[in-house]
Amino acid sequence: MTESPDRHTKAPLRKGPLRSFVRWLLIGLTLLWSLAVLILAVGRWISPPTTAVHMQRRLQAWIHRTPYHERYEFVPLSQISLDFQHAVIAAEDARFYQHHGFDWHAIQIAAEDDLEGGRIRGGSTLTQQLVKNLFFGTGRSIVRKGAEFTLVPVAELVLGKRRILELYLNVVEWGPGVYGVESASRYYYRMSARNIDRQQAVQLAAILPLPLKRRPDRMIHYSALILERMRQAGW
């Protein structure tokens, strides 16, 4: 007489809601990351109409019911004075043309300055700052840093140094509602970015770490420091 199958055999466990949530979360994050990569690839030829920082400032103004006027005009790198380009590189990322997205030496120095309480600027490269401006806004979190860490090499690969510099100079925040070199030049000096001289360039570059709190004419000491960095670089 053959034995009947064990009727008490347990049915396979159903996937719990947590596992399903994690799976869909990973799928969503992968899609968002892929979209960011696509935007970077397209950014090689098409200039961004807006950025996460632009949208963040608009939202903040709406929430606090404060006036907000956005100044944003994209200009090609050829229409930005070399002094202006060099001043920003000297101020924000002196080894821009040597690294591949991350400047580990600058990160170490920034960490040491943090411990001593005397940091002037962070260790983020122009590429890191561009990725943050385009996709993440000004907020800080481990998740944002992790996503940024994966997108920076992509930006270096698909954009190249010249396009990264061009995009950064055009989207970075330079004051309340002021974005990019052209708007900054006209806002502070009433002239085009192609006509900005050496002294004006270092003064504008000096406000980049805190553009909502600093003004070019008050950055005398830091401007002189940037000017010295430019001389050391042969600019």
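Let's start just after helix α2, where Arg65 takes a positive phi of about 55 degrees. Helices here are DSSP runs of H or I with at least four residues, strands are runs of E with at least two, and both are numbered from the N terminus. Before going on, a word on the source: this is a predicted model, in which local features need pLDDT of at least 70 and side-chain atom pairs count only at pLDDT 80 or more, while totals for chains, interfaces and linings use all residues. Residues are numbered from 1 along each chain as its sequence is written, and side-chain values use heavy atoms, with hydrogens and water left out.

Which residues of α2 are buried? They are Ala52, Val53, His54, Gln56, Arg57 and Ala61. Buried means under 20% relative accessible area, exposed over 50%, and partly exposed in between, with a 1.4 Å probe and protein chains only. The cover over these α2 residues includes β1, α5 (126-135), α6 (142-171), β2 and β3.

Let me pick out two of them. Gln56 counts as buried because its relative accessible area is 19%. Leaving aside neighbours within four places in sequence, Gln56 is in contact with Gly137 and Thr138, where contact means heavy atoms within 4.5 Å. For Ala61 the relative accessible area is 9%, so this residue is buried too. Not counting residues up to four places away in sequence, Ala61 touches Thr66 and Tyr68.

The three of them form an open sheet in the order β1-β3-β2, with mixed pairing. At its edges are β1 (71-72) and β2 (173-175), each pairing on one side only. To count as a pair, two strands need at least two bridges found between them by DSSP. β2 and β3 (residues 178-179) run antiparallel and are joined by two bridges; Gly175 has Val178 of β3 as its bridge partner.

On to helix α3, residues 82-92. Why call α3 largely enclosed by the rest of the structure? Because nine of its eleven residues are buried. Among them are Phe84, His86, Val88, Ile89 and Glu92. What covers the buried residues of α3 includes α5, α6, β2, α7 (181-189), α8 and α9.

That brings us to α8 (residues 198-206) and α9 (residues 220-232), whose axes come within 8 Å and cross at roughly 115 degrees. On the α8 side, the contact is made by Arg198, Gln199, Val202, Gln203, Ala205 and Ala206, and on the α9 side by Tyr222, Ser223, Ile226, Leu227, Met230 and Arg231. The axes are lines fitted to C-alpha atoms over the stretch in contact, and angles run from 0 to 180 degrees between N-to-C directions.

Finally, the whole protein chain. How many helices and strands does it have? There are nine helices and three strands, running α-α-β-α-α-α-α-β-β-α-α-α from the N terminus on. Of the 235 residues, 41% count as buried. Among contacts with a separation of 6 or more, 69% are between residues 24 or more positions apart. Thanks, everyone!
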